[in-house]
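The chain is shown below.

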Amino acid sequence: MTKRLAKGTPQGSVLSPILFSLMINDFPKRITSHAALYTDDFCFWECGSDITLLNQLCQRSLTKVFKWCKDCGFKLSSTKFAAVLFTRKHNPAPISLRLQDGTHLPLKNEYKYLELTFQ
């Protein structure tokens, strides 16, 4: 029985990881934020003292991530998105990031990336 794929590669195929890596190779270059990409795990961040500006920069990058994924046929799992604010301020300005569907990105105190927990 032969099954035809409309998109993607067969799961477990020897070529799948290589083809996936080639497909997403330009992904981090599409955003202006600092970024880290390891296989299918991706994060980006901004540094500075103006939280309002950082919020705008992160929102811009988040919008570009969704646009790139849509253009390339990738679907993102919004449940895997989170924002973490690292600051020494006791009462920092609130941040508000939105996903493409309009839902707010949850703000967490910590996030696990590649088995490292950032707090």
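Does N55 count as buried or exposed, and at what relative accessibility? N55 counts as buried because its relative accessibility is 17%, where buried means under 20% relative accessible area, exposed over 50% and partly exposed in between (1.4 Å probe, protein chains only).

## Basis

This is a predicted model, in which local features need pLDDT of at least 70 and side-chain atom pairs count only at pLDDT 80 or more, while totals for chains, interfaces and linings use all residues. Residues are numbered from 1 along each chain as its sequence is written, and side-chain values use heavy atoms, with hydrogens and water left out.

## Helix 2

N55 is found in helix 2, which covers residues 51-72. Helices (H or I, at least four residues) and strands (E, at least two) are DSSP runs, numbered from the N terminus. The end C-alpha atoms of helix 2 are 31 Å apart, which agrees with the 32 Å that its 22 residues should span at 1.5 Å a residue; the expected span is 1.5 Å times one less than the number of residues.

At the N-terminal end, D50 caps helix 2, with a side-chain oxygen 3.1 Å from the backbone nitrogen of T52. After helix 2 comes G73, with a positive phi near 85°.

The buried residues of helix 2 include I51, L54, N55, L57 and C58. Helix 1 (16-23) and strand 2 (41-45) are among the elements that cover the buried residues of helix 2.

Leaving out residues up to four places away in sequence, N55 touches I95, S96 and L97 (contact means heavy atoms within 4.5 Å). The N55 side chain also reaches the backbone nitrogen of S96 at 2.8 Å.

The largest nonpolar core has eight residues: C58, L62, F66, F81, A83, L97, L99 and L105. Such a core is a set of buried Ala, Val, Leu, Ile, Met, Phe, Trp, Tyr and Cys residues joined through side-chain atoms within 4.5 Å. Helix 2 gives the most to this core, with three residues. Another core, of six residues, lies apart from it and includes F27, I31, W68 and C69.

## Cysteines

With a disulfide defined as a pair of cysteine sulfur atoms within 2.5 Å, the count is zero. For both C43 and C47, the closest cysteine sulfur is in C58. The distance is 11 Å from C43, too far for a bond, and 9.2 Å from C47, also too far. C43 is partly exposed because its relative accessible area is 24%, whereas C47, at 60%, is exposed.

Methods. Polar contact = N/O pair within 3.5 Å; in protein donor to acceptor, adjacent residues only side chain to side chain.
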